[in-house]
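Me: I would like to learn how to read helix packing in a model. Please take me through it step by step.

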Amino acid sequence: MSAVPLPAYLMLALILFCIGLFGALTKRNAVIVLISIELMLNAVNINLVAFAKYSLNPGLTGQIFSLFTITVAAAEAAVGLAILIALYRNRKTVNVDEMDTMKR
Amino acid sequence: MLQMSWLIPLFPLLSFILLLLFRKSKSESTAWIGVLLTGISLVMSIGVFLAVWQGEGIKTEGTWFQMGERAITMGFEVNPLNALMLVIVSLVSFLVHLYSKGYMHGDDRFPVFFAYLGLFSFAMLGLVLSPNLLQLYMFWELVGLGSFLLIGFYYFKPEAKAAAKKAFVMTRIGDVGLFIGMVLLFWQVGSFEYDEIFASVKNGDLSSGMLTLTALCIFVGAVGKSGQLPLHTWLPDAMEGPTPVSALIHAATMVAAGVYLVAAMYPLFQASEAALTVVAVVGGLTAIFAASIGLMQKDIKRVLAYSTVSQLGYMMLALGASGYVAGIFHLTTHAFFKALLFLAAGSVIHAVHTQNIEEMGGLWKKLRITGPLFLIGALAISGVPLLSGFFSKDEILASTYADGKYGLFWLAVIAAFMTAFYMFRLFFIVFTGEARGETEKGVHESPGVMTFPMIVLGVLAVVAGYLNTTWFGTFLSDYLAQGAVELPHGDHHGPAWIPLVATLAAALGIALAYLIYQRGTLSRDWITRSLPSLSDVIYNKWYIDEGYDQTVVKGTRGLSKLGVLFDRYIVDGLVTAVTTGVQRLGRVGSRVQNGQVQSYGTAAIFGIVILLLIVALTGGYFS
């Protein structure tokens, strides 16, 4: 089984991150924005795992760190969705454009 | 007595304060407060004068404040010159107070009028008692304030308001000159004291150019106050005030303050030949110039006003021609007969309720007291022998001649002729002939409270001349010689033909007026017809007011318009540019702050991309 080289992982992570970033900055639906954020976090996880295996001194630190990130991301997604639901109940919208209370 | 002379100005001040408290009062007995208190001042002034006559004098000063090494002092001084002024001022003030009791009868602001009179009397007496220039200057301005308030007493009349403002502004031009002169003297001498200034003038501490400059600056102040050419235009307009005010301020006292100032600073003027010449020339020109305008005026008070300007010119001419005594002498006699003339004119106005002489006539029979008194005043000012004006005018002519100013001498003689002519023109039109106009009905003589002051002044207008005559004794010049001023030496009694010439000029003037206005031998308008352009110019007061209007007033207006434009378009423009700039910037900034997290995020991403690009291109840390 031939090994997949490091640049391929990094490329995948980069593409994933860019897709996530693009989605987070341009999508109007708050749910999709949250999903895009998850994409970016997962791009980071791929990087962590890839470096854990292929860096100059491989170890478990990266993998453990990515487990932490997944946990925190799950918690974050739960909190984010809860806020979103509360917001929806108040404002009857999930449109990011209309969430501009920071301006006031 | 002399130690208490500082109290003299305080009585009118007390009257001012008391009457202000009673200003709402409708009772006309409030006038007695003013009359009584100025009466006390008069009695004290006479006491002081008698003491000074015996050769006494006093000067008391205390330090007001210290300025570095120089002490600024306040105090009072009594010397022969200002003791004489004290008597003149307090006497005329007292008589005018008394007269106003009758004249102002029925006025709504009766106590206020007397309060203002008190304020003015206080300021004038204080001015006279000042031992230094700074104190004089303060009272000088107070006198101007009093004059302003009294000219504008009928403030509901627009002319009176305008006249008050004009008087204030015109005299202020002169005051600036006086102030500059005062500051220059302080710079050069280090003191405002008359004595110290005279001492350094005597020691030759001042360069001759500086002497002339300071003397001329001070003379500018005198020109403004005394209505000399070219700042005379306020004085005729000041006649809008009540007539007693004209008698007190614009005939006898305040306008004489300029002459008094030159006399008080006389050693300074004596030290500069050029300054004396300027004083004499300005005086002489004013005398003939104002007299010529007086020939054609139709308002009884304006004729008298131009006459006052002309007579003040005489005084300046005398001072400029080294005739110190002559100038003071004429100041004294003029104060009496001109106050008399004004009060008599006031009595006429009181009777007929008009100031236009063309609406008067035949008043001699109706005003049995005012008429003869006016005649006495007219005879005195014309210089008819044996009356006061004759002696003082003769003295002026003699000293001008003795000083070698022959041109000015003849100007003065012509002015004397004009004086006699316009005074008797006035007399004949007002008092003789047929009654004209509707106002003549119900004309009656003024009450005793008005005629009494006139009678006193009438007596003085006759006898004041004997203060200084070559026949009985030169009391006045002996008296003034006691003062600090070193009188010019030498015989000032010119050739014996001078009194003859003066008398002849007066007689000619009276005869001409008689022929034209009484007998009608000469048509009234033969001069007007033969010299239409000249009489037009004279009738319009040489177009001086119009000239000032075209040049100074228009110039100032134009300048202020330019200033408005500058302010509106340049100063305001700058301000608007700054505000709009800030506003635009703010608007751009607020558009960035739209509350959208996504746009913030985009901006942050672009920011980090740019930073990364910089790092990549420069190889990190801007190395």
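Me: Which helices of chain B do the buried residues of helix 7 of chain B pack against?

Reply: A caution comes before the case: this is a predicted model, in which local features need pLDDT of at least 70 and side-chain atom pairs count only at pLDDT 80 or more, while totals for chains, interfaces and linings use all residues. Residues are numbered from 1 along each chain as its sequence is written, and chains are lettered from A and ligands numbered from 1 in the order in which they are written. Helices (H or I, at least four residues) and strands (E, at least two) are DSSP runs, numbered from the N terminus. Two residues are in contact if their C-beta atoms, placed from the backbone, lie within 7 Å. In chain B, the buried residues of helix 7 pack against helix 6 (158-189), helix 8, helix 11 and helix 12 (266-270).

Me: Which residues of helix 7 of chain B are buried, and where do they lie around its axis?

Reply: An α-helix has 3.6 residues a turn, so residues three or four places apart point the same way. A residue is buried if 20 or more other C-beta atoms lie within 10 Å of its own, exposed if 12 or fewer, and partly exposed in between. In helix 7 (residues 194-203) of chain B, the buried residues are B:Tyr194, B:Ile197, B:Phe198 and B:Val201. Viewed down the axis of helix 7 of chain B, these fall within an arc of 95 degrees (taken from the directions from the helix axis to the C-beta atoms), so they line one face of the helix. Just after helix 7 of chain B, B:Gly204 has a positive phi of about 75 degrees.

Me: At what angle do the axes of helix 8 and helix 11 of chain B cross?

Reply: Axes are lines fitted to C-alpha atoms, for helices over the stretch in contact, and angles run from 0 to 180 degrees between N-to-C directions. Angles under 35 degrees count as roughly parallel, over 145 as roughly antiparallel, 65 to 115 as roughly perpendicular and the rest as oblique. The axes of helix 8 (residues 208-225) and helix 11 (residues 254-264) of chain B cross at roughly 160 degrees and come within 7 Å. That makes helix 8 of chain B roughly antiparallel to helix 11 of chain B. Among the residues that meet are B:Ile218 and B:Phe219 in helix 8 of chain B, and B:Met254 and B:Val255 in helix 11 of chain B.

Me: Which helix of chain B packs with helix 3 of chain B at an angle of about 5 degrees?

Reply: Helix 15 (residues 324-352) of chain B packs at that angle with helix 3 (residues 80-103) of chain B, the axes being 11 Å apart. Helix 3 of chain B is therefore roughly parallel to helix 15 of chain B. The contact includes B:Leu81 and B:Leu84 of helix 3 of chain B, with B:Ile328 and B:Ala335 of helix 15 of chain B.

Me: How does helix 11 of chain B cross helix 15 of chain B?

Reply: Their axes come within 11 Å and cross at roughly 155 degrees. Helix 11 of chain B is thus roughly antiparallel to helix 15 of chain B. Contact residues include B:Ala256 and B:Val259 of helix 11 of chain B, and B:Tyr324 and B:Gly327 of helix 15 of chain B.

Me: How many helices and strands are there in chain B?

Reply: Chain B has 25 helices and four strands. Of its 623 residues, 51% are buried.
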